[in-house]
Amino acid sequence: MTQAVGRLCFCNKTALAPMVRVGTLPMRLLALDYGADLVYCEELIDIKMAQCTRVLNDVLETVDFVAPDDRVMFRTCQREKDRVVFQMGTADPQRALTVAQLVENDVAAIDVNMGCPKEYSTKGGMGAALLSDPDKIEAILSTLVKGVSKPVTCKIRILPSMEQTVDLARRIERTGVAAIAVHGRTKEERPQHPVHCDAIQAVAQAVSVPVIANGGSLDLVKSHQDIQSFREATGASSVMLARAAMWNPSVFRSQGALSTEHVMEDYIRYAVRYENHPSNTKYCLCQMLRDKVESPLGKRLHAAQTSAEICEVFGLEEFCAESRARLLARQKALNGDSHPADDLTMEGDVATMPVRFDRREYPPQITPKMHLLEWSRREKLEQPAYETVQRALDRGFQSTVTVADKKYRSTLWEKSKKLAEQAAAVVCLRALGVPEGRTGEPDSGLVGKRKWEEKRSDESEEEKGAPARAPDASRSACRKRHLSKTPPQEEVKG
């Protein structure tokens with residue numbers, strides 16, 4: 001297949017480097033906003049990506065590549081389509097081609113990681129391990145160049161000698177790649193070691209394809225003005241920034257960097273808009289805080305567990321609520337007039353529905369199990385009883401809840417017993433047409449009203465002179481057992 005190298009030019013560009021856990025969609029979009037020309041996703045392993053299914057996410061307006069366990073391995077959108085470079089970790093030409101063909105219509109270029117020195121990459125013969133196997137490098141790149149319609153590039157580290165580095169770069173060039181990114185350190189060197197600009201320069205002079213200089217964040221690039229200096233020092237066509245951009249992606253702004261607080265808020269808005277996983281959002285924000293991670297703000301961020309809680313730390317509660325409401329409204333509009341119970345099917349005497357519990361869809365400290373329990377009490381029914389099983393294949397969990405002698409279960413398996421019980425509660429609530437407590441839903445009054453009535457009862461007793469019941473006494477302990485204790489019939493079966 002003829003490669004359309006002309007579609008994406010790698011000359012005179014500044015790029016967000018591929019960084020594990022950092023190069024997800026929010027960071028990539030933020031870098032583009034601030035002036036980056038190209039953005040690389042984090043390294044994604046070919047074996048995992050090859051198992052993914054391409055899914056159009058109409059609610060988020062994204063393209064998602066979803067693993068068999070429903071994890072989104074790679075999420076992209078139209079905004080970055082012509083400027084995002086998909087980087088993969090691979091040691092197998094055919095598997096690399098399978099992945100490249102899966103994503104090529106949604107990205108601007110395909111890159112192969114040949115520079116990561118971390119064990120998780122090298123132990124499978126990927127990353128920097130490829131540097132000692134030029135035949136495999138040639139096989140992988142040649143297969144990709146011939147097999148996909150988008151430009152193919154690679155990212156390498158320098159070898160022990162200048163001559164070895166130049167020889168490898170020339171061999172790579174002959175495969176037909178569109179560009180070569182060079183990190184100016186050997187695989188044994190770490191960020192505290194100085195970057196070897198002369199080695200990058202030697203490669204740039206030896207090949208005719210664009211060379212992208214990388215590795216100058218700590219020594220040479222501290223501001224936008226330094227990018228050009230690093231380019232000139234290495235003789236490279238373009239510059240790729242990793243840690244400098246991770247600490248403050250507004251380093252790409254020609255008008256000058258913004259404050260860390262400003263950048264963090266901009267990042268959070270993208271993270272919420274595209275439902276980035278809270279743990280990943282928190283990780284990236286902590287990288288921006290750097291030495292302030294132990295500050296009062298850093299400690300509050302560390303304690304946050306959901307996107308809503310992260311927004312609360314930065315005073316973005318209103319934005320979070322509005323964003324969630326917009327997404328729910330869009331989801332309802334896409335679903336038309338269909339009712340959630342329309343997906344309900346019977347498996348024997350159990351009502352089932354394909355439901356997965358997503359904690360991000362609910363306010364802090366509010367869960368479907370709480371709503372189901374309170375609804376059962378209001379209807380004067382016995383409390384819901386959960387029975388959970390675990391399958392040996394992948395140690396997944398599935399729970400069945402019994403309410404009013406009827407059973408409900410999700411057809412999807414969860415990673416833990418708690419998640420499985422929540423999913424079963426969601427199925428039950430949807431089948432009954434009872435609100436489940438999601439953010440943006442009209443307030444059912446089930447959980448909040450009960451707490452308010454208990455508080456009012458305590459206040460009334462105090463006014464009468466009776467000793468107030470301690471909130472942590474037997475009554476509260478009893479409520480906690482109702483919510484979280486596993487009845488005998490719910491014990492997990494091995």
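# Report on a predicted protein model

Residues 24 or more positions apart account for 66% of the contacts in the protein with a separation of 6 or more. Contact here means heavy atoms within 4.5 Å. This is a predicted model, in which local features need pLDDT of at least 70, side-chain atom pairs count only at pLDDT 80 or more, and totals for chains, interfaces and linings use all residues. Residues are numbered from 1 along each chain as its sequence is written, and side-chain values use heavy atoms, with hydrogens and water left out.

## The whole protein

The protein has 18 helices and 17 strands. Both are DSSP runs, numbered from the N terminus: helices are H or I with at least four residues, strands are E with at least two. Of the 494 residues, 51% count as buried. Buried means under 20% relative accessible area, exposed means over 50%, and partly exposed lies in between, with a 1.4 Å probe and protein chains only. The accessible surface of the protein comes to about 23400 Å². Carbon and sulfur atoms hold 50% of that surface. The areas come from the Shrake-Rupley method with a 1.4 Å probe, and for residues only the protein chains shown count as cover.

Axes are lines fitted to C-alpha atoms, for helices over the stretch in contact, and angles run from 0 to 180 degrees between N-to-C directions.

| Helix pair | Angle | Axis distance |
|---|---|---|
| H1 (residues 25-34) and H10 | about 125 degrees | 9 Å |
| H5 (residues 134-147) and H6 (residues 162-173) | roughly 25 degrees | within 9 Å |
| H11 (residues 278-289) and H12 (residues 296-303) | about 165 degrees | 10 Å |

Angles under 35 degrees count as roughly parallel, over 145 as roughly antiparallel, 65 to 115 as roughly perpendicular and the rest as oblique. A crossing is left-handed if the near helix is turned anticlockwise from the far one by less than a right angle, and right-handed if clockwise. For residue classes, Ala, Val, Leu, Ile, Met, Phe, Trp, Tyr, Cys and Pro count as nonpolar. Asp, Glu, Lys and Arg count as charged, and the others, Gly among them, as polar.

Take H1 and H10. At an angle of about 125 degrees, H1 and H10 are therefore oblique to each other. Their crossing is right-handed. H1 brings Pro26, Met27, Leu29, Leu30, Asp33 and Tyr34 to the contact. H10 brings His262, Val263, Asp266, Tyr267, Tyr270 and Ala271. By class, the contact of H1 with H10 has 9 nonpolar, 1 polar and 2 charged residues.

Next come H5 and H6. Their axes cross at roughly 25 degrees, which makes H5 roughly parallel to H6. This crossing is right-handed. Pro134, Asp135, Ile137, Glu138 and Leu141 of H5 meet Leu168, Arg171 and Ile172 of H6. The contact of H5 with H6 divides into 5 nonpolar, no polar and 3 charged residues.

The crossing of H11 and H12 is left-handed. H11 supplies Lys282, Leu285, Cys286 and Leu289. H12 supplies Leu297, Gly298, Leu301 and His302. The contact of H11 with H12 has 5 nonpolar, 2 polar and 1 charged residues.

## Two residues in helices

Arginine 269 sits in helix H10 (residues 260-273). At 35% relative accessibility, arginine 269 counts as partly exposed. Leaving aside neighbours within four places in sequence, arginine 269 is in contact with Leu316 and Phe319.

Tryptophan 375 belongs to helix H15 (residues 368-378). With a relative accessible area of 13%, tryptophan 375 is buried. The C-alpha atoms of tryptophan 375 and valine 434 are 8.1 Å apart. Along the chain, these two residues are 59 residues apart.

## Two positive phi values

Most residues other than glycine have a negative phi. Asparagine 12 has a positive phi of about 55 degrees and is not a glycine. Asparagine 12 lies in the segment before strand S1 (14-16). Its relative accessibility is 55%, so asparagine 12 counts as exposed.

Glutamate 61 also has a positive phi, near 60 degrees. The loop between strand S4 (53-57) and strand S5 (62-66) holds glutamate 61. At 47% relative accessibility, glutamate 61 counts as partly exposed.
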